[in-house]
Amino acid sequence: MNRFRTGRRSFPILGKFHLSFLAFVLLLFLALSGLQEISDKTSDSQRESLERAIERSIAHCYALEGTYPPSLDYIKAHYGLTYDEDRFFVDYQPIGSNMLPDVTIIER
């Protein structure tokens, strides 16, 4: 029996466990935040790609037919435009047959 020992016991194994657990939680948090950033960049890239595809299809239609497409469905049917309609909403507003239509892309 040691008379000079305080009432508190030291557990070196638990101290190491806490440090390891905190390091694991920190690494998990960093990995998840990195995945979210990659997901956001991918979504932005998909939106920009859709915007360019619509612009190319509109210009192609005008070059071939001499008028801008009357609707987004017309572009889909005649120029092969495809996109994920569950992910993006495309507002296509034709102004006239000889004026560039107004196109707005919104991510859902």
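**Serine first, then salt bridges**

Modeller: Ser-57 sits in helix α1, which covers residues 12-65. Keep in mind that this is a predicted model.

Colleague: Is Ser-57 buried or exposed?

Modeller: Ser-57 is buried, at a relative accessible area of 10%.

Colleague: And what is Ser-57 in contact with, leaving aside its neighbours within four places in sequence?

Modeller: With those set aside, Ser-57 is in contact with Ile-75 and Tyr-79.

Colleague: OK, new topic. How many salt bridges does a search of the whole structure find?

Modeller: The search turns up five. Among them, Lys-76 pairs with Asp-73, with 4.0 Å between the closest N and O atoms.

Colleague: How far apart are Lys-76 and Asp-73 in helix α2?

Modeller: They are three residues apart in helix α2 (residues 72-79), so about one helical turn separates them. Asp-73 is exposed at 55%, while Lys-76 is partly exposed at 25%.

Colleague: Which residues are linked with Lys-76 in a network of salt bridges?

Modeller: Asp-73 and Glu-85 are. The Glu-85 side chain meets Lys-76 at 2.7 Å, N to O, and Glu-85 is partly exposed, with a relative accessible area of 42%.

Colleague: What about Arg-87, which residue does it form a salt bridge with?

Modeller: Glu-107, with the closest N and O atoms 3.6 Å apart. Glu-107 lies in strand β2 (residues 102-107), so its pairing with Arg-87 ties together parts that are 20 residues apart in sequence.

Methods: Residues numbered from 1 in each chain as written. Predicted model: local features only at pLDDT ≥ 70, side-chain atom pairs only at ≥ 80, totals over all residues. Heavy atoms only, no water. Helix = DSSP H or I, 4+ residues; strand = E, 2+ residues; numbered from the N terminus. Buried < 20%, exposed > 50% of the residue type's maximum accessible area, 1.4 Å probe, protein only. Contact = heavy atoms within 4.5 Å.
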